[in-house]
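Please keep the sequence and the structure in view while reading.

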Amino acid sequence: MSERMHHADAAWLQMEEPTSLMVITAVLWFDEPVDLERLKDVVRERLVERYPRFRQRVVPGGLLGTARWEDDPAFRLENHLLRTRLRAPGGRAALEALVSESMSTPLDSSRPLWALHVMEDNVAGGALLLRVHHCIADGISLARVLLSLTDERASGGGSREDFEEAEDASGRLARLLRGARTVLGSTRAAWKRGAELLAEPIQLMDLAVEGARSASALSRLLTLMQDPPSPFTGELGREKRVAWSRPVPVGKVREIGHGTGSTVNDVVMAVVAGMLRRYVEARGQSPEDVRAVVPVNLRPLREPLPRELGNRFGVVFLPLPLGLADPVERLWELKRRMDNLKRSPEAAVVFGMLSAAGMAPAPVERMAVDVMRKKASLVLTNVPGPKRPVYLAGARLAGVMFWVPMAARLGLGLSIFSYAGHVTLGVAADAGLVPEPRELIADFEEELDALAEAVRESGHSHPVH
């Protein structure tokens, strides 16, 4: 079987460079080792047999042709489900080092573009590393696929393929930036419960009546000023490094939100802005606002995933208020900027741009990507996960981190993941720009405490205009 690749998917194939691989990465850790044989059965049944892309390879289209999908006649699950040994003494440091190394290693282009590594010698329990090329699907879809492998009980069962939107009894729908929900519609009721963390997505307007606003959004995108130089921008190398924070109780974040009339999402984004400000100041630079590229889901979450998966998302450019010194003022300003973006058709416009770029020769597409690169300094995703623990191949999932590629030659990717009542921040960075991502993690944890203290001292419940 041979099938022409969709233009939006081809764009991600053409965008790949040695210093910027277009691979989505997920790392999962468990309380115990994962049973390899049981995992193999789950992956075969729920991934390979259900979604053809995981057993198809890419046939390049040449300079002017379009790439194609074709069945891999030599496909064997064992070539993609790999045993990988962690360096002694194992544990999180060794896992972070291995994930960092993987982000610098291309997938084997002669085979279907994915790999699942089962970690051995991990003293903390079991761990998995999943790598999937972006041309197969967007992060939203892949997260739904990944979590369709899990169950609500160790014995199995409870998995669901449909996504049900979280109920919104408070009537606050459309308060949050839809892009903050990036990677998820759930495959199960547990996912539905977890989605309350970011339960107010933007209502994308009917695109049929959005012509004038789309033109306005395109004009705004093209006229955005270039982001200022910062420790997060510059020439990229091949080496990448990752780190992730200790899980933060959602209750701690929600308490800050209650004190300021803000959502959990507002608070987490404000803490990220404060973290970046701390990092810039520590390097003797004056903090200036920078933009984050935030992915936005354009596929209805109630809609079942097509067997062919694919990319159906856009992005918005969220300006992060690093220039504000006061943590509470920074929170209010960030909330205001997110509210301004939530009704914008900007994400759909960018999806159209990516689709058009996928039809163009690679050199033309790289020029378009370079224009986008100058408008932003980092990629930022926010992923709501299950509120209660889930199981994969009988092993209890203790934590997850998920990164989309740092597209458009950006050097910093931040991911916020919520799971089982906790929030975790992940950092992926170019080693030449951010040699020690753990420094950003430390700044995140300090900024969270500082914002909580500032809210207690301010005594304000709403912005002062």
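## The chain and its strand β2

The protein chain has 12 helices and 16 strands, where helices (H or I, at least four residues) and strands (E, at least two) are DSSP runs numbered from the N terminus. This is a predicted model, in which local features need pLDDT of at least 70 and side-chain atom pairs count only at pLDDT 80 or more, while totals for chains, interfaces and linings use all residues. Residues are numbered from 1 along each chain as its sequence is written, and side-chain values use heavy atoms, with hydrogens and water left out.

Of the 465 residues in the protein chain, 59% are buried, meaning under 20% relative accessible area with a 1.4 Å probe, protein chains only. Among contacts (heavy atoms within 4.5 Å) with a separation of 6 or more, 81% link residues 24 or more positions apart.

Strand β2, residues 23-30, is mostly covered, with 8 of its 8 residues buried. In a regular strand the side chains alternate between the two faces of the sheet.

Which strands pair with β2 in the antiparallel sense? The table gives β7 and β14, two strands counting as paired if DSSP finds at least two bridges between them.

| Partner of β2 | Bridges | Bridge partners |
|---|---|---|
| β7 (residues 127-133) | 7 bridges, antiparallel | V27 with L129 |
| β14 (residues 395-403) | 6 bridges, antiparallel | F30 with L397 |

Methods
Buried < 20%, exposed > 50% of the residue type's maximum accessible area, 1.4 Å probe, protein only.
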